[in-house]
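Me: I'm new to this one. Can you put it up, and I'll ask as I go?

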Amino acid sequence: MNSIILDSLLRLVFPPRCYVCNKEINELPGEDRLLNRYFCPECWQALIINPWKGCPFCGAYRTEGRSSSRYCVHCRGEKFAFDQVVTLGMFDGLLKDAIYLIKKPECQSLARALAESLYRMRLKGSSALDVEWITPVPMNKYRFQERGVNDAETIAKTLSDFSGIKYVNALKRHAATELQRKLTPRQRRDNVRGAFEWRWWVETDKPPKSVMIVDDVLTTGATCNEIAKMMKSIGVERVTVAVIARAVGDSAA
Ligand SMILES: [Zn+2]
Ligand SMILES: [Zn+2]
């Protein structure tokens with residue numbers, strides 16, 4: 001049976017509930033009918049900014065009306081090793097709350113819904129998807145044991161399912177490099193230096209020419225920058241980044 005018909009039938013019997021506020025969703029407003037089975041109209045409005053004017057280099061929302069610079073105020077003067085960033089939105093308001101939720105094992109369906117939104121609203125048709133592999137930003141094994149889930153893996157697998165691009169867990173993260181939140185931008189860069197390793201013992205083939213790295217939030221860009229630098233040192237030519245949210249300034253706390 002066609003999945004849209006099946007969806008309509010199921011909806012008659014079990015009205016869907018919003019993945020964020022748990023309210024029953026009876027109406028189907030909004031632009032993408034397929035996504036509105038996850039979010040009520042209010043949450044949809046608060047989560048998905050449309051139209052979105054993201055900076056292609058760092059993913060931040062461009063507030064400058066007309067700027068002659070290719071870079072936005074948040075990435076001017078930065079030299080990132082990755083080539084492009086695509087984000088669903090800013091790390092603020094309801095999307096910020098949602099990001100804290102998707103770090104929990106029981107909230108992985110919300111992680112998948114946000115990843116599907118990222119795919120449908122921002123990535124589909126974007127050059128960020130001209131890559132051979134999709135790879136999540138890894139957690140070190142102690143952190144993973146404590147958390148029980150790496151939401152970056154859930155997001156990356158969902159993006160792989162929708163795009164048809166191969167999912168490969170290609171990276172290992174060394175211990176004691178994770179707690180970036182309380183550090184200054186410079187300390188963040190120092191903290192992740194040398195923190196990532198290509199898992200040659202699993203992926204014995206040559207690294208591909210292009211990879212998309214996936215995470216939940218991009219803040220200073222230090223983590224993705226370090227991964228991109230390492231990838232480029234072993235022969236990857238193009239590294240793109242996809243995240244659910246971009247944190248800048250005050251929202252980055
Ligand atoms: Zn809601
Ligand atoms: Zn920028």
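This is a predicted model: local features need pLDDT of at least 70, side-chain atom pairs count only at pLDDT 80 or more; totals for chains, interfaces and linings use all residues.

Me: First up, which hand is the crossing where H3 passes H4?
Reply: Left-handed. That label applies if the near helix is turned anticlockwise from the far one by less than a right angle, and right-handed applies if clockwise. Helices (H or I, at least four residues) and strands (E, at least two) are DSSP runs, numbered from the N terminus.

Me: Which residues make the contact?
Reply: Ala-98, Leu-101 and Ile-102 come from H3, and Leu-110, Ala-111 and Leu-114 from H4. Contact means C-beta atoms, placed from the backbone, that lie within 7 Å.

Me: At what angle do H3 and H4 pack?
Reply: About 130°, with axes 8 Å apart. Axes are lines fitted to C-alpha atoms, for helices over the stretch in contact, and angles run from 0 to 180 degrees between N-to-C directions. H3 and H4 are therefore oblique to each other. Under 35 degrees is roughly parallel, over 145 roughly antiparallel, 65 to 115 roughly perpendicular, and the rest oblique.

Me: New topic. Is Leu-123 buried or exposed?
Reply: Leu-123 counts as buried because it has 21 C-beta neighbours inside 10 Å. The cut-offs, with C-beta atoms placed from the backbone, are 20 or more others within 10 Å for buried, 12 or fewer for exposed, and partly exposed in between. Leu-123 lies in helix H4, residues 108-123.

Me: What does Leu-123 touch beyond its sequence neighbours?
Reply: Leaving aside neighbours within four places, its contacts include Val-86, Leu-159 and Ala-242. Ala-242 is 119 residues away in sequence, but 8.3 Å away in space, C-alpha to C-alpha.

Me: And strand E2, which way do its residues point?
Reply: Trp-133 and Thr-135 point one way, Ile-134 and Pro-136 the other, and all are buried. Four bridges join E2 to E6, and the two run parallel. The bridge partner of Trp-133 there is Val-211.

Key:
Residues are numbered from 1 along each chain as its sequence is written. Chains are lettered from A and ligands numbered from 1 in the order in which they are written. Two residues are in contact if their C-beta atoms, placed from the backbone, lie within 7 Å. Two strands pair if DSSP finds at least two bridges between them.
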